[in-house]
Amino acid sequence: MSTVARLAVELLTGPDVPLMKECGNPECTRVYTDRSRGMRRQWCGMDSCGNKSNAAAYRARKKSAPAEPAR
Ligand SMILES: [Zn+2]
C-alpha cells in the first residue's frame with residue numbers, strides 16, 4: 001500500500017473517525033476533525049470558510065426571507 005493509502009486507513013480506523021466531517025462549504029473539499037463542544041462545527045476553519053459561508057448564509061436568508069409584513 002502507498003503511504004497515502006496507509007495514512008487514510010489509519011485515519012478511517014482511528015479514534016477520530018466519528019469526529020471527521022466534511023467542510024460545509026460546497027466549494028471546499030477539506031475534511032476536518034470536529035472537536036468543538038456539541039460538535040456543531042460546520043467548517044474546516046472559521047477563517048477560511050466559516051466567515052465566508054456565514055456571510056453568504058446571512059445574505060441568502062435576508063434575500064429569501066424578507067421581513068414579516070407589517071400588520
Ligand atoms: Zn472549508
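## Model and confidence

The pLDDT is the predictor's confidence in each residue, on a scale from 0 to 100. For this protein its mean is 80, and 90% of the residues reach 70 or more. This is a predicted model, in which local features need a pLDDT of at least 70 and side-chain atom pairs count only at pLDDT 80 or more, while totals for chains, interfaces and linings use all residues. Residues are numbered from 1 along each chain as its sequence is written.

Confidence is highest in strand E2 (residues 31-33), at a mean of 89, and lowest in helix H2 (residues 46-64), at 76.

## Overall architecture

Helices (H or I, at least four residues) and strands (E, at least two) are taken as DSSP runs and numbered from the N terminus. The protein holds two helices and two strands, and these follow the pattern α-β-β-α when read along the sequence. The radius of gyration is 17 Å, well over the 11 Å that the globule rule gives for 71 residues, so the protein is more spread out than a compact globule; the radius is taken over C-alpha atoms, and the rule is 2.2 Å times the number of residues to the power 0.38.

The C-alpha trace spans about 65 × 25 × 20 Å along its principal axes. A residue is called buried if 20 or more other C-beta atoms, placed from the backbone, lie within 10 Å of its own, exposed if 12 or fewer do, and partly exposed in between. Buried residues make up 6% of the 71 residues in the protein.

## Helix H1 and the segment before it

Serine 2 lies in the segment before helix H1 (3-13), and serine 2 is exposed because 7 other C-beta atoms lie within 10 Å. Its C-alpha is 17 Å from that of threonine 13, eleven residues away in sequence.

Leucine 11 is placed in helix H1 itself, where its 13 C-beta neighbours inside 10 Å make it partly exposed. The C-alpha atoms of leucine 11 and glutamate 68, which are 57 residues apart along the chain, are separated by 48 Å.

Lysine 21 belongs to strand E1 (residues 20-22) and counts as partly exposed because it has 16 C-beta neighbours inside 10 Å. Leaving aside neighbours within four places in sequence, lysine 21 is in contact (C-beta atoms, placed from the backbone, within 7 Å) with Val31, Tyr32 and Asp34. From lysine 21 to valine 31, ten residues apart in sequence, the C-alpha to C-alpha distance is 5.6 Å.

Methionine 39 sits in the loop between E2 and H2, and with 11 C-beta neighbours inside 10 Å it counts as exposed. Its phi is positive, at about 50°, although methionine 39 is not a glycine. Most residues other than glycine have a negative phi.

Terms used
Two residues are in contact if their C-beta atoms, placed from the backbone, lie within 7 Å.
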